[in-house]
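Here is a short briefing to read beside the model. Please keep the sequence and the 3D view open as you go.

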Amino acid sequence: MRYDVFFAGYGGQGVLLAGNLLSYAAIHEGKNVSFFPAYGVEKRGGAAMCTVVFADGDTGSPVVGNPSVSVLLNQLSFDKYAAKVKQGGICIVNSSLVDTGGIDLPGIDVVLVPMNQIALEMGDVRMVNMVACGAYIEKSRALKSESLAAALKKALPERNHKLIPANLIAMEAGAQAARD
Amino acid sequence: MQTTAAEKIFVKGNEAVAMAALEAGCRCYFGYPITPQSDIPEYLSRELPGLGGEFIQAESEIGAINMLLGASATGVRAMTSSSGPGISLKQEGISYMAGSELPGVIIDIMRAGPGLGGIDASQADYFQATRGGGHGGYRIIVLAPASVQEIYDLTMLAFDLSDIYRMPAMVLADSVIGQMKESVTPNSRPKTVLPPKEWVVRGRAEGTPQNVVKSLYLGDGEMEAFHWKMQARYQELADKESRWEEVQTADAELIVTAFGSTSRIAKTAISMAREAGMKVGLMRPITLFPFPKKAYAAISERCKLFLDIELSTGQMIDDVRLSVARDAEVAFYGRPPGAGSLPTPEELFEQIKKNYQACS
């Protein structure tokens, strides 16, 4: 089985960390992984995106034109990439920052998750990427949540390991919101 | 290679280059920063000093390549890395290294050009790499990885081939392979039997005979003899070291050919074509010099239609056309490099469909 997911947002939302986290989780499950990042020259505020492909066998193309799942964290990425989701695929949208009004996406399961709001309720808006990862796991069922817990230890520098419990709670909140 | 999850590491292509160089025994690095390859000097600047090695951020790419020449002349394993504009600056030094029969590894993580161009992936430096790049009519070994694992393994191979054949070796990748992170098995240095470096210049204190490393040949017939010797060496390289990958070519009615990052995108497009019932295969050269001519010739005896795909307006296609049988047809699909021009598998699938329908 080959899975692909596309994450996009603006620099500072943790899009690349989210991609790294899913990659480590897939490696934890013994998969082969390709993580392909693309970002602007700005440290914050520019466009940031990444594609993660994982498979038992060959990962094939690191570039995906029509992703099975897209997680779009801001308006710009929604406007640009929502319609590119594959037919029968899933588009997870940060409804705190995205107005989906007027756009018709037939054949795509659009899942609205108020990610900023949830992250704020969890105590820090910077956990928006963790909320997004939780929603992704819930909707795609591509990876086990235990694998993400293990992956956090690898994706985060040691000095931030104290934040792992809070991140796990944020992920669970994201999953819960995607379920509802 | 079957391995357990625990043995694998998750690194960028550029980091894999640096790790492989250290594993291969490279202890000297000279370079000047440029996107999209700066992770290589970053990694080596951190790791080399602790290993008793030498890391120098040179004053320019020209300085760096000449430091590589000097280090290689003493017999140590040494490397430089850059991208488009920097690789252009290095060409004079590469020509002098080729003329002096010196080994040395050059990593080229291609970016869009000409000029400063852009930082996005490109394959438009194929000609520069495979035709020698500098003056004088020489060639260098050119290896084209298509994954992070392969850039790791080919970096080590570049050191071995460069030492065996006494010529510079280049690893030619682009920002997709350099910036992408993949799970990698950090293989050990291959146990290659290497010829002794009897030609090194290290001073005569060790009792070594006087050696001269130079690229100046003024004597009557001297330069010509050098060229014939090198031509024979290039032929030996082609006979012994041509490497390629074939995927599902046995029954193929259309063979897609591509190298590096583009071949990865093409692989998924080919799977889509197979699912749609089309008999399509992939021919991927791993050595760009020597180009695997005989393999193309053999394959074109049974399949008469090729589709060459490149992230350029077409350069490798010349080598493909020169290699395949006369009655084989070579179609082309390419896009000039730059932001937003990286093709998707879906796009390549459409091209495969179009060419496949034309043949059946």
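**Strand pairing across the chains**

Ser34(A) has Glu182(B), in β8(B), as its bridge partner. This is a predicted model; local features need pLDDT of at least 70, side-chain atom pairs count only at pLDDT 80 or more, and totals for chains, interfaces and linings use all residues. Residues are numbered from 1 along each chain as its sequence is written, while chains are lettered from A and ligands numbered from 1 in the order in which they are written.

**Interface**

- Strand β2 (residues 32-39) of chain A pairs with β8(B) in the antiparallel sense, over two bridges. Strands count as paired if DSSP finds at least two bridges between them.
- Helices (H or I, at least four residues) and strands (E, at least two) are DSSP runs, numbered from the N terminus.
- Chain A gives 18 residues to the contact and chain B gives 19 residues. Two residues are in contact if their C-beta atoms, placed from the backbone, lie within 7 Å.
- On the side of chain B that touches chain A, the elements giving two or more residues are α7 (175-179), β8 (181-184), α9 (260-275) and α12 (345-359) of chain B.
- The largest share of that side, five residues, comes from α9(B).
- That side of chain B divides into seven nonpolar, five polar and seven charged residues. Ala, Val, Leu, Ile, Met, Phe, Trp, Tyr, Cys and Pro count as nonpolar; Asp, Glu, Lys and Arg count as charged; the others, Gly among them, count as polar.

**Confidence**

- The complex has an ipTM of 0.92 and a pTM of 0.95 from the predictor.
- Chain B has a mean pLDDT of 96, and 98% of its residues reach 70 or more. pLDDT is the predictor's confidence in each residue, from 0 to 100.
- Over residues 1-6 of chain B, pLDDT stays under 50. Where pLDDT is low, the predicted coordinates should not be read in detail.

**Nonpolar core**

- The largest nonpolar core has 169 residues; Ile92(A), Val131(A), Ala132(A), Ile141(B), Leu143(B) and Val256(B) touch the most other members. Such a core is a set of buried Ala, Val, Leu, Ile, Met, Phe, Trp, Tyr and Cys residues joined through C-beta atoms within 7 Å.
- Helix α6 (residues 148-165) of chain B gives the largest share of this core, ten residues.
- Domain 1 (5-191 + 214-241) and domain 2 (245-359) of chain B both give residues to this core, so it lies between them. The domain bounds come from an automatic or database domain assignment.
- Beyond four places in sequence, Ile141(B) touches several residues, including Ala158(B), Leu161(B), Leu237(B) and Phe289(B).

**Backbone exceptions**

- Most residues other than glycine have a negative phi, and most peptide bonds are trans.
- The peptide bond from Thr35(B) to Pro36(B) is cis, with omega near 10°. Pro36(B) sits in the loop between β2 (28-31) and α2 (39-47) of chain B.
- Gly113(B) and Pro114(B) are also joined by a cis peptide bond, with omega about 5°. Pro114(B) is in the loop between β5 (105-110) and α5 (126-130) of chain B.
- Arg141(A) is not a glycine, yet has a positive phi of about 55°. Arg141(A) counts as exposed, with 9 C-beta neighbours inside 10 Å.
- Arg166(B) has a positive phi near 50°. Arg166(B) counts as partly exposed, with 18 C-beta neighbours inside 10 Å.
- A residue is buried if 20 or more other C-beta atoms lie within 10 Å of its own, exposed if 12 or fewer, and partly exposed in between; C-beta atoms are placed from the backbone.
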